[in-house]
Amino acid sequence: MGFLPASPYNKINIHVGGTYGGPKEDTLRRFSQVVNERVSANCRARLTVENDDRASQYSVADLQLVHQLTGIPIVFDFHHWKFCTGGQTQEEAFKSALTTWPAGVRPVVHWSECPEDPDKRRSAHSEYIDGPVNLYGLEGQVDVMIEAKAKELTLLEYRQAVLEGWQVRPRLRNSKFGDATAGPDLPVVEYSSSEEEGEEEEEDSE
């Protein structure tokens, strides 16, 4: 909280939460009232809200009401949009969220993808990403936060793939998980223990 001036540049990103059995609009209005009346100005100036990954929760279209009532910007999550579109295309939701950010602060968006393991919940995060990260011509105008289990290794690997001219990152794990839908598959070379031992002996002899 020490970074000044307070702004979404030093953001505290949150989700609105559940609907608590009532209409979405009622919950959004209660949320906004609490933010306006009970949250300090210093904290409120740093808040952002993010779209959800369940259809029963809050899309970018829903969160526009929070922005109208509080001025809080919306962080657009590309992956969450797949599960809670709010009746908008991805481009519509993305650009709608960007309009909620104040002048002088570069908007932040989240990029993640479905898990490599098809048995895992589809809205969970993958270890790595395949891309391509599509910003609809607004590259250089937004900051992209990658959400992936491998953390900074994800960025390093994806960046290398882009530098080498891949349109999507070559997923080495396709063979392991049987997922051939997220980019070109490359053969996985598996060594038997006897082969590995043989290689070690050759290295020792050298």
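Contact here means that heavy atoms lie within 4.5 Å. In that sense Ser112 touches Asp77, His79, Lys82, His125 and Glu147, with residues up to four places away in sequence not counted. The model is a predicted one, in which local features need pLDDT of at least 70 and side-chain atom pairs count only at pLDDT 80 or more, while totals for chains, interfaces and linings use all residues. Residues are numbered from 1 along each chain as its sequence is written, and side-chain values use heavy atoms, with hydrogens and water left out.

**Chain overview**

- The chain contains eight helices and five strands, where helices (H or I, at least four residues) and strands (E, at least two) are DSSP runs numbered from the N terminus.
- Read from the N terminus, the elements follow the order β-α-α-β-α-β-α-α-β-β-α-α-α.
- Of the 206 residues, 39% count as buried, a class that means under 20% relative accessible area, with exposed meaning over 50% and partly exposed lying in between (1.4 Å probe, protein chains only).
- The accessible surface of the chain comes to about 11900 Å², and 51% of this surface belongs to carbon and sulfur atoms; the areas come from the Shrake-Rupley method with a 1.4 Å probe, and for residues only the protein chains shown count as cover.
- Among contacts between residues at least 6 apart in sequence, 66% join residues at least 24 apart.

- Five strands form an open sheet in the order 1-2-3-4-5 with parallel pairing, two strands being paired if DSSP finds at least two bridges between them.
- The edge strands, each pairing on one side only, are strand 1 (12-14) and strand 5 (143-146).
- Neighbouring strands of this sheet are turned by 30 degrees against each other on average, direction ignored.
- Strand 2 (residues 47-50) pairs with strand 3 (residues 74-77) in the parallel sense over two bridges, and Val49 stands opposite Ile74 in strand 3.
- Helix 3 (residues 60-70) packs on the sheet, where this helix touches strand 2 and strand 3, and its direction makes about 170 degrees with that of strand 3; axes are lines fitted to C-alpha atoms, for helices over the stretch in contact, and angles run from 0 to 180 degrees between N-to-C directions.

**The surroundings of Ser112**

- Ser112 is placed in the loop between strand 4 (108-111) and strand 5, and it counts as buried because its relative accessibility is 1%.
- The side chain of Ser112 makes a polar contact with the side chain of His125 at 3.5 Å; such a contact is a pair of N or O atoms within 3.5 Å, and within protein one must be able to donate a hydrogen and the other to accept it, while residues adjacent in sequence count only if both atoms are side-chain atoms.

**Salt bridges**

- The structure holds four salt bridges, each defined as a side-chain nitrogen of Lys or Arg within 4 Å of a carboxyl oxygen of Asp or Glu.
- Glu25 forms one with Arg29, the closest N and O atoms being 2.9 Å apart; the two are separated by about one helical turn because they lie four residues apart in helix 1 (residues 24-38).
- Lys95 forms another with Glu91, with the closest N and O atoms 2.7 Å apart, and both residues lie in helix 5 (residues 90-98), four residues apart.
- The side chains of Asp143 and Arg106 meet in a salt bridge (3.4 Å, N to O), and this pair links distant parts of the chain, with Asp143 in strand 5 and Arg106 in the loop between helix 5 and strand 4, 37 residues apart.
- Asp143 is partly exposed at a relative accessible area of 34%, and Arg106 is partly exposed at 40%.
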